[in-house]
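Dear colleague,

My notes on it follow directly after the display.

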Amino acid sequence: MPPLLFVLVLLFLTPASTLDFRYHSNQEMEQYLLQVNASNPDIAHLYSIGQSVLGRELWVLALGVRPRSHTVGIPEFKYVANMHGNE
């Protein structure tokens, strides 16, 4: 099987093909974050850092071995998404 065809077949047979690539509302995003946090209590910690000017929660989802604390010398990664100036 040619490599490109193999990759295409693999993409269609993986969970990536079941993802819903569309705009998600704030409520849908919040429900997803709550679900991820609830289903992974050992590695996930969800908390709010305040509210937007429209009163929406600004959520942070920390993932890691010890998501509730910072350990000196352990690399961390920060990904910021869903930011725009006009809610």
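Counting as a salt bridge any side-chain nitrogen of Lys or Arg within 4 Å of a carboxyl oxygen of Asp or Glu, the total comes to one salt bridge. It joins the side chains of R22 and E28, with an N to O distance of 2.8 Å. R22 is partly exposed, its relative accessible area being 41%; here buried means under 20% relative accessible area, exposed over 50%, and partly exposed in between (1.4 Å probe, protein chains only). E28 is likewise partly exposed, at 33% relative accessibility.

Please note that this is a predicted model, in which local features need pLDDT of at least 70 and side-chain atom pairs count only at pLDDT 80 or more, while totals for chains, interfaces and linings use all residues. Residues are numbered from 1 along each chain as its sequence is written, and side-chain values use heavy atoms, with hydrogens and water left out.

Turning to the strands, β1 and β2 pair in the antiparallel sense over six bridges. Strands are DSSP runs (E, at least two residues), numbered from the N terminus, and two of them pair if DSSP finds at least two bridges between them. Within this pairing, S48 stands opposite W59 in β2. The two strands form a hairpin with five residues between them, and G55 in the turn has a positive phi of about 85°.

A nonpolar patch on the surface is formed by Y47, I49 and L58, which together have about 280 Å² of accessible area. Patches are made of residues with over 30% relative accessible area and no salt bridge; like charges are joined within 9 Å, and nonpolar side chains (Val, Leu, Ile, Met, Phe, Trp, Tyr) within 5 Å. Areas come from the Shrake-Rupley method with a 1.4 Å probe, and for residues only the protein chains shown count as cover. Y47 belongs to strand β1 (residues 44-51) and is partly exposed, with a relative accessible area of 34%.

S69 lies in the segment after β2 (57-63) and is partly exposed at 42% relative accessibility. Its C-alpha atom is separated by 9.9 Å from that of H45, 24 residues apart along the chain. Y79 is found in the segment after β2 and counts as exposed, at 66% relative accessibility. Between the C-alpha atoms of Y79 and L61, 18 residues apart along the chain, the separation is 10.0 Å.

Yours sincerely

Key: Helix = DSSP H or I, 4+ residues; strand = E, 2+ residues; numbered from the N terminus.
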